[in-house]
Structures are given as C-alpha cells and as structure tokens.
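Please look through the sequence and the structure shown below, and follow the text with both in view. The report goes from aromatic rings to charges over rings and then to a strand.

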There are 2 protein chains.
Amino acid sequence: MILTVTLNTALDVTYAVPALVPHSSHRVTEVTERPGGKGLNVARVLAALGHDTVVTGFAGGPTGAVLRDLLAALPPRDALVTVAGNTRRTIAVADAATGDTTQLNEPGPHVSAEEWAGFLRTYEDLLTGADAVALCGSLPPGIHVGAYAELVRTARTAGVPVLLDTSGEPLRRGIAARPDLVKPNADELAQLTGAREPLRAAHDARRRGAHSVVASLGPDGMLAVTPDGAWRAVPPAAVRGNPTGAGDSAVAGLISGIAEGLSWPDRLIRAVALSTATVLAPAAGEFDSAAYEDLLTRVGVQQHTA
Amino acid sequence: MILTVTLNTALDVTYAVPALVPHSSHRVTEVTERPGGKGLNVARVLAALGHDTVVTGFAGGPTGAVLRDLLAALPPRDALVTVAGNTRRTIAVADAATGDTTQLNEPGPHVSAEEWAGFLRTYEDLLTGADAVALCGSLPPGIHVGAYAELVRTARTAGVPVLLDTSGEPLRRGIAARPDLVKPNADELAQLTGAREPLRAAHDARRRGAHSVVASLGPDGMLAVTPDGAWRAVPPAAVRGNPTGAGDSAVAGLISGIAEGLSWPDRLIRAVALSTATVLAPAAGEFDSAAYEDLLTRVGVQQHTA
C-alpha cells in the first residue's frame with residue numbers, strides 16, 4: 001500500500017464562464033466539483049496505475065463532507081481525520097473563450113493541537129502497512145511549520161521511504177529531517193537554496209539533508225541527484241496543454257517507482273511520461289493513458305557525469 | 001405575518017482578495033457566507049423592522065444545509081421546501097484595493113414537477129396566516145415560466161396582497177395574473193414595456209395587469225403609479241456607497257407598508273429611506289438604522305397630476 005498525506009485537502013470547484021471580466025456579473029454555465037489537494041491528486045494517479053492507495057490528512061465541515069462523498073466513489077481509500085473547521089474550496093474559473101483559468105484558493109480550516117495529535121496517531125498506524133509515503137502540499141492554519149519534519153522523522157523511524165513535496169519554510173524544515181526524496185520545481189528549489197542553476201541547487205538541497213532530489217523543470221523534464229548518481233530525463237517533444245496536476249502526476253510516478261523498487265532511470269521515465277500525459281489530457285489533473293504508455297518508450301534519460 | 005418567496009435561494013459567499021487579476025492565482029484572505037436570494041434578503045430587512053416574517057422557496061443538498069444552518073440563527077422563520085438538487089452559491093470576489101466586486105452566480109438546482117407540487121401545498125398553507133406576500137427573484141431550472149403567475153393567482157384567491165419582484169418573461173407572465181404591486185427597476189420596466197420613460201412605462205405595466213407599479217430609479221428615487229394616484233419620492237441628497245441589496249430593501253419597505261395599511265406616500269418614503277440607508281451601510285445588503293430613521297423625516301414625496 002502507498003500512503004499519501006494531504007494536510008490541506010480541498011474541494012476543487014471549476015466554474016465554466018464565457019469570459020471572466022473583473023467587476024462584472026457572470027452566469028456560471030457549468031459547475032464541477034472533485035476532491036483535491038496535492039496528495040489526493042497523487043493518490044488518484046497511483047490508483048489509476050493499479051496501486052492500493054490510502055489517503056490521510058484532514059477534512060471537516062460541510063465542504064469536507066462533500067469531499068468525502070466524492071472520494072468514496074474513487075479507488076483511493078479514505079483515512080482522513082475529521083476536524084471541526086470547514087475544508088477549503090478552490091475555485092478555478094475557466095474562460096470558455098481562451099481556456100485560461102483564474103484561481104481563487106480559500107485558506108483552509110484552523111487545525112487545533114488536539115486534532116494534530118489525533119492525526120499523528122492515525123499516521124503512525126497507517127505507516128505500519130505502507131510501502132512508501134508521499135507528504136504533499138501546503139500546511140493549513142494552526143499547524144506548526146516543522147510539521148513535515150516531524151512526519152518525515154516518524155516515517156524514517158518506521159522504515160518507510162518518504163517523499164516530500166512542499167515549498168517554502170515547511171520544505172526547508174522538512175529537508176533537514178532527511179527525507180528519502182524531495183521533488184521541488186525549479187522555483188521552489190531556487191527559493192530554498194538561492195541557486196538558480198538546477199544541478200547546483202539540487203546538490204545543495206542534498207547537502208541540506210535530502211537523500212535524493214528530483215527537480216521538475218516543466219517542459220525540460222526532470223533532473224535527479226541521488227546517492228547512486230545524477231540523471232536527466234526529457235520528454236520526446238514539447239507538448240501543448242494544461243499543466244495543472246503535472247507535478248502531482250510526477251510525484252505519483254516517483255513514489256510508485258520507489259514502492260516497486262525501480263531503478264532511478266525507470267522512476268524518472270515513469271514520472272516524465274505521467275506528467276507529460278497529464279499536460280496532454282483535456283481535463284485538468286487527469287492523464288491520457290494511451291499517451292502515457294507510448295511516452296514510456298520514448299522519454300530519454302541521460303546520466304550526468306560529475 | 002409577512003411571507004417572502006425565494007424559489008432560487010443562494011448561499012452568498014464573499015471572497016476578499018487583494019486584487020482580482022484574470023488568469024492568475026489568488027489567495028483568498030477572508031471567506032464570509034450568508035443566506036441569500038432576493039426573498040431572503042427582503043425577509044432579513046422585514047425582521048429588522050420588527051415584522052414577524054416567514055421565508056419559503058427551495059433549498060437542498062450540502063449548500064442548502066449550510067444555508068439553513070445560517071438562517072436558523074436569524075429572525076425570519078424557515079419554511080423552505082427541501083429539494084434533491086444542490087442550492088446554488090453566488091461568489092462575490094471583493095477587491096480590497098478598490099472595493100469593486102466580481103460576481104459569479106451558479107445556475108441553481110433543477111426542480112422537479114413533484115417538488116413544485118409540494119411547494120404549492122406549503123405555499124397555500126402559509127398564505128392562510130399571511131398579511132402580505134412578496135415573490136422575489138429568478139426561477140431555478142425546471143420551473144415553468146408561468147410559475148409566478150400561478151403564485152399570484154393563488155395569493156389573490158386567498159385574499160393576500162401580493163408583490164412581484166422579478167424580470168423578463170416570468171415578470172411579463174406574472175403581471176398578466178394581476179398582482180397588487182410590481183417593483184421593476186428602470187431597465188426591467190423598459191424591457192417589459194418597450195418604453196424608456198418611466199411614467200409612461202409604469203402606466204403601460206398597469207394596463208398589462210399590475211394594480212400598482214413602483215419603479216425604482218436608483219439615485220432618482222421611486223415612482224408609484226396606483227389606482228389612487230401617482231407619486232414620486234426622492235432621497236434628500238445623492239449618496240455614495242454599495243447599492244447591493246438596495247432593491248430588496250425597497251421591497252421590504254413596500255410590502256411592510258402594505259401589511260400595515262400605510263398610505264402610498266408613506267410606503268414610498270419608507271422604501272426610499274430603507275434603500276438609501278442600505279447604500280450607506282458598509283456591508284452589502286445591510287442597512288444603516290440611524291440613517292434610516294433620519295431619512296424617514298427627509299425623503300420628499302410629490303404627487304403627480306395627470
């Protein structure tokens with residue numbers, strides 16, 4: 001089983017409008033809702049790859065109830081911990097004319113110290129059955145900035161490989177707790193290390209504590225810096241589409257590769273193929289499975305020689 | 001008791017953002033929710049005036065449950081009829097910098113023929129205890145365009161004075177059923193009658209079936225054309241503020257004046273004072289009660305001589 005943690009789950013709402021015009025009134029022509037937050041997105045991709053997947057984190061209030069109702073219809077198993085606050089919504093306003101979206105993200109519920117303690121007990125229990133764990137996304141209000149560092153240490157004590165995908169100070173603290181893998185994008189990596197050049201920044205992130213670093217470089221593919229060597233994987237050609245969810249698909253590729261004991265080149269091929277197939281899918285956050293199968297044979301990997 | 005009908009209730013959600021920039025991502029700094037839809041807004045003002053007030057219409061799904069929880073804390077009594085569909089949300093994105101808002105309105109749940117029939121039974125029961133009824137706002141999907149005409153006829157059969165505040169084809173059909181009063185704004189009146197000049201258009205609307213017509217003319221006050229004569233009421237001075245809810249406050253002023261048996265001039269003074277005090281209140285849809293009391297003595301009314 002693969003466990004994903006989403007401390008700040010969200011009900012992702014998409015509003016179709018003909019065109020968004022600030023300071024005017026819009027009739028929304030279509031409303032779609034789905035369970036969201038990075039770890040839930042990762043879990044959906046893992047389940048589509050055939051992995052037994054469990055999601056934990058927090059959900060509460062009327063919005064949390066809607067999220068859990070929608071989640072119940074999907075393969076990932078719900079081990080979310082109930083909180084008193086209301087789960088946040090994210091609203092993506094999609095312009096029918098251009099396909100561009102405007103994002104409005106609620107802040108998320110305040111999580112109390114008791115709720116955090118309850119979550120830690122659930123997390124420890126779930127780790128006993130996990131082959132790997134992915135810690136994903138932002139922290140909701142009320143949770144201490146060292147929360148991911150705490151979760152990384154608990155996973156390492158339990159002997160479960162742990163991937164951390166977050167940003168800012170929670171990433172900085174989390175890396176110091178020595179996770180098996182971090183997956184920053186170029187901006188997050190530069191913000192963490194001060195270095196804009198990805199190879200140099202990835203080496204720096206390893207020095208800060210991460211055993212391995214995979215930097216996602218958008219259309220330029222991914223760069224891995226690991227104890228076994230460094231590799232660069234690139235898609236066969238530039239693709240056009242919706243990049244929403246591509247990073248979460250990459251995390252699913254990497255964590256499933258870790259759970260299955262794949263080599264680093266094979267983990268990277270899977271991650272790049274999945275994220276590219278996600279950009280190609282018409283719906284945000286879905287991946288095109290035919291394109292994925294095809295890309296698995298066409299993503300190029302090269303080893304870096306120091 | 002005064003009854004208000006809101007067939008398309010809404011959970012009114014306000015998002016505070018620093019500034020809305022299309023095709024970018026926004027962190028919402030504050031989320032507020034309140035029960036909405038025109039008839040619910042009218043009821044809130046009626047309750048603030050001290051009137052025993054009952055609200056009916058439809059509510060359903062998780063959003064309907066949130067709406068009813070919030071409504072339970074307010075004075076108007078909840079006689080909403082449950083539907084299977086999910087009550088709509090309206091999102092007002094408020095720019096902190098300019099105070100301007102961008103409105104996103106969901107379409108509302110589909111109402112089935114059985115749900116409509118169930119509502120009609122509730123409505124007839126409620127009319128037996130009502131001194132007046134206000135029918136407010138748009139029709140949700142699934143309800144026939146002659147719905148307000150049906151509700152007007154039922155009220156008239158029950159001997160309850162009925163005010164209709166809607167627009168477009170539902171207004172056109174509703175007027176033909178001879179309501180006691182319609183309260184269009186200048187645009188709605190022009191759309192109905194084809195005449196831009198309010199006095200002429202109001203006379204036309206009477207010929208179409210309305211016993212009385214009160215046209216709301218924004219900063220120019222209100223114009224009443226009734227079987228007893230025609231009057232114009234104007235605020236003492238132009239005011240600056242947020243006009244959201246001013247029309248609903250005017251309806252509350254008119255329907256309470258009907259229930260109390262006030263003269264036409266006194267009904268108009270109350271309606272203009274309430275709507276002006278609503279523009280002056282900092283929160284959308286609230287009214288400034290000190291300003292209201294003051295305006296009652298300062299709104300001017302003039303009788304039109306044919």
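In this predicted model, ring pairs join A:Phe58, A:Trp116, A:Phe119 and A:Tyr123 into a cluster. A pair of aromatic rings is described by the distance of the centres and the angle of the planes.

Because buried means under 20% relative accessible area, A:Phe287 counts as buried at 18%, and A:Tyr292 counts as buried at 6%. In chain B, B:Phe119 and B:Tyr123 are both buried, and they are separated by about one helical turn because they lie four residues apart in helix 3 (residues 113-127) of chain B.

Rings also meet charges here: A:Arg267 lies over the face of A:Trp264, at 4.4 Å from the ring centre, while the charged end of B:Arg267 sits over the ring of B:Trp264, 4.4 Å from its centre.

Turning to a strand, strand 8 (residues 88-95) of chain A is mostly covered, with eight of its eight residues buried. Strand 2 (residues 10-17) of chain A runs parallel to strand 8 of chain A and is joined to it by eight bridges, with A:Leu11 opposite A:Arg89. Strand 9 (residues 101-105) of chain A pairs with strand 8 of chain A in the antiparallel sense over five bridges, and here A:Ala92 stands opposite A:Gln103. The hairpin of strands 8 and 9 of chain A has five residues between the strands, and in it A:Gly99 takes a positive phi near 80°.

Methods:
Residues are numbered from 1 along each chain as its sequence is written. Chains are lettered from A and ligands numbered from 1 in the order in which they are written. This is a predicted model: local features need pLDDT of at least 70, side-chain atom pairs count only at pLDDT 80 or more; totals for chains, interfaces and linings use all residues. Side-chain values use heavy atoms; hydrogens and water are left out. Buried means under 20% relative accessible area, exposed over 50%, partly exposed in between (1.4 Å probe, protein chains only). Helices (H or I, at least four residues) and strands (E, at least two) are DSSP runs, numbered from the N terminus. Two strands pair if DSSP finds at least two bridges between them. Rings of Phe, Tyr and Trp (its six-membered ring) pair if their centres lie within 6.5 Å; planes under 30 degrees apart count as stacked, over 60 as edge-to-face and the rest as tilted. A charge sits over a ring if NZ of Lys or CZ of Arg is within 6 Å of the ring centre and within 35 degrees of the ring normal.
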